[in-house]
Amino acid sequence: MSIRFPSLEFFKALQQRTKDDAAVFEKLGVCDTTFGIRVGSDLYRIEFEVYECTEVDEASDPASLDFVLSAPVEVWKEMFESVVANGGADAAHTINSLTHIGDVMKVEYEDPEGHDRLYRFMATIQEFLDEAQHLDVGLG
């Protein structure tokens, strides 16, 4: 049975992947950040400590997060379609590309130090999202 995107279940499945694929995340180094993923009007809170995602919840207060990656559901679906098709996001669908080229995905933050955490931990965050390649994702 596929896991519907977007949903809390989907992000919890990605959280589990950081434990199942621990060696990959350990190679990327320590990651300490609490960030948000906004899909349309839904906001998910993702917390990383050391090498793994320790908590995933629905959120309502973006001010409590280091930063929020925000995009319409269509953009996220296209990114995850790329992840599933290519075994990871292709160059046009990485977080780095989507936040820099054409402002397709917005980075929301209140504290510049929180914004800095996106760039400091981008490899881990991209790997977290790329773990969707191992899931049966329902993007329909």
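**Strands, hairpins and a buried glutamine**

Tutor: Let us begin with strand pairing. In this predicted model, strand β2 (residues 33-39) pairs with strand β3 (residues 42-49) in the antiparallel sense, over seven bridges.

Student: Which residue of β3 is the bridge partner of Thr33?

Tutor: The partner of Thr33 is Phe48.

Student: How many residues lie between β2 and β3 in their hairpin?

Tutor: Two residues lie between β2 and β3. In that turn, Gly40 has a positive phi of about 65°.

Student: How many bridges join β3 to strand β4?

Tutor: Six bridges join them; β4 covers residues 52-58, and β3 and β4 run antiparallel. One example of a bridge pair is Ile46 with its partner Val56 in β4. These two strands also form a hairpin, with two residues between them. Here the turn residue with a positive phi, about 60°, is Val50.

Student: Let us turn to a helix. Where is Gln126 placed?

Tutor: Gln126 belongs to helix α6, which spans residues 122-130.

Student: Is Gln126 buried or exposed?

Tutor: The general idea is a cut-off: a residue is called buried under 20% relative accessible area. Gln126 has 11% relative accessibility, and therefore counts as buried.

Student: What does the side chain of Gln126 reach?

Tutor: The side chain of Gln126 reaches the backbone nitrogen of Ile95, at 2.7 Å.

Student: Which residues are in contact with Gln126, leaving aside its neighbours within four places in sequence?

Tutor: With those neighbours left aside, Gln126 is in contact with Ala89, Thr94 and Ile95.

Key. Residues are numbered from 1 along each chain as its sequence is written. This is a predicted model: local features need pLDDT of at least 70, side-chain atom pairs count only at pLDDT 80 or more; totals for chains, interfaces and linings use all residues. Side-chain values use heavy atoms; hydrogens and water are left out. Two strands pair if DSSP finds at least two bridges between them. Helices (H or I, at least four residues) and strands (E, at least two) are DSSP runs, numbered from the N terminus. Buried means under 20% relative accessible area, exposed over 50%, partly exposed in between (1.4 Å probe, protein chains only). A polar contact is a pair of N or O atoms within 3.5 Å; within protein, one must be able to donate a hydrogen and the other to accept it, and residues adjacent in sequence count only if both atoms are side-chain atoms. Contact means heavy atoms within 4.5 Å.
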